[in-house]
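Work through the exercises below with the model open. Try each task before reading its solution.

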Amino acid sequence: MITVLNVDGQKLTPCVLDRAWREVNRARAVWIDEQTIQLLYNPFSFRDYRKTALKRDKYTCLWCGRPATTVDHIVPSSKGGSDLPQNLLAACMACNTKRGNRSAFSYLIEKVFSVPNLIKLSYRIIKARRNHRQTNRCKYSSTA
Ligand SMILES: [Zn+2]
């Protein structure tokens, strides 16, 4: 098992090696030594962001209008998408699973006739993608 430290260096629940590598590969954690990773984000705030996004969207899946219990990342975390509410959509388990790692736009095209509020959803996606590009641009310019 791998020791997991939070942003402040406090120990969290340990995780398996696969999971540790996944966090590191997504730039969400760094290796401290062979047995320890430190997270670069606060896992407790993700819980809060998730709750904020669900509440904002009235616990209704934006893809199909059914009750939502999960959140869907507009820009997937595997592509560096943030965990902030602006990048999250309330989604039912079925839509979240079906979309998987596909881009939000390609799933939108598939669901275009069942989306309850197409304008609202398109606007959200466009805004999240624009935010994502701007954040990345800042990252590049600060390292230059
Ligand atoms: Zn749904």
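**Exercise 1. A positive phi in a loop**

In which loop is K58 found? Then decide whether K58 is buried or exposed.

Solution. Note before starting that this model is predicted.
- Step 1: K58 sits in the loop between α2 and β4.
- Step 2: Its backbone has a phi near 55 degrees, a positive value in a residue other than glycine.
- Step 3: Count the neighbours. K58 has 10 other C-beta atoms within 10 Å. The cut-off for exposed is 12 or fewer. K58 is therefore exposed.

**Exercise 2. The layout of the chain**

List the secondary structure elements of the protein chain in order from the N terminus.

Solution. 
- Step 1: Count. The chain holds 5 helices and 5 strands.
- Step 2: The order is β-α-β-β-α-β-β-α-α-α.
- Step 3: The C-alpha trace spans about 50 × 35 × 25 Å along its principal axes.
- Step 4: Of the 144 residues in the chain, 20% are buried.
- Step 5: Look at sequence separation. Take the contacts with a separation of 6 or more; residues 24 or more positions apart account for 50% of them.

**Exercise 3. Domains and an annotation**

Which residue ranges does the domain assignment give? Which residues does UniProt list for the HNH nuclease domain?

Solution. 
- Step 1: The assignment gives domain 1 (3-39) and domain 2 (46-143).
- Step 2: The centres of domain 1 and domain 2, taken over C-alpha atoms, are 26 Å apart.
- Step 3: Turn to the record. An unreviewed UniProt entry lists residues 48-97 for "domain: HNH nuclease".
- Step 4: Describe that span. Residues 48-97 are 28% helix and 16% strand, and the end C-alpha atoms lie 22 Å apart.

**Exercise 4. The open sheet**

Work out the order of the strands in the open sheet, then say how β3 pairs with β1 and with β2.

Solution. 
- Step 1: The sheet has 3 strands, in the order β1-β3-β2, with mixed pairing.
- Step 2: β1 (3-5) and β2 (29-33) are the edge strands, each pairing on one side only.
- Step 3: The average twist from one strand to the next is 30 degrees.
- Step 4: β1 and β3 (residues 36-39) run parallel, joined by 3 bridges. T3 stands opposite T36 in β3.
- Step 5: β2 and β3 run antiparallel, joined by 4 bridges. Here W31 has I37 as its bridge partner in β3.
- Step 6: β2 and β3 make a hairpin, with 2 residues between them.

**Exercise 5. β5 and the core**

Which element gives the largest share of the largest nonpolar core?

Solution. 
- Step 1: The largest nonpolar core has 18 residues. C61, V71, L89, A90 and A91 have the most contacts inside it.
- Step 2: α2 (43-56), β5 (88-91) and α5 (118-143) each give two or more residues to this core.
- Step 3: β5 gives the largest share, 4 residues.
- Step 4: Check both faces of β5. L88 and A90 are buried on one side, and L89 and A91 are buried on the other.
- Step 5: Find the partner strand. β4 (residues 70-73) and β5 pair in the antiparallel sense over 4 bridges, with H73 opposite L88.
- Step 6: Follow A91. Leaving out residues up to four places away in sequence, A91 touches C61, L62, W63, A68, T70, V71, D72 and N96.

**Exercise 6. An exposed helix residue**

Is I119 buried or exposed, and how far are its C-alpha atom and that of V7 separated?

Solution. 
- Step 1: I119 is found in helix α5.
- Step 2: I119 has 8 other C-beta atoms within 10 Å, so I119 is exposed.
- Step 3: I119 and V7 are 112 residues apart along the chain, and 38 Å separate their C-alpha atoms.

Notes. Residues are numbered from 1 along each chain as its sequence is written. This is a predicted model: local features need pLDDT of at least 70, side-chain atom pairs count only at pLDDT 80 or more; totals for chains, interfaces and linings use all residues. A nonpolar core is a set of buried Ala, Val, Leu, Ile, Met, Phe, Trp, Tyr and Cys residues joined through C-beta atoms within 7 Å. Two residues are in contact if their C-beta atoms, placed from the backbone, lie within 7 Å. Two strands pair if DSSP finds at least two bridges between them. Axes are lines fitted to C-alpha atoms, for helices over the stretch in contact, and angles run from 0 to 180 degrees between N-to-C directions. UniProt positions are given in the numbering used here, feature names are shortened, and annotations may be inferred rather than shown by experiment. Domain bounds come from an automatic or database domain assignment.
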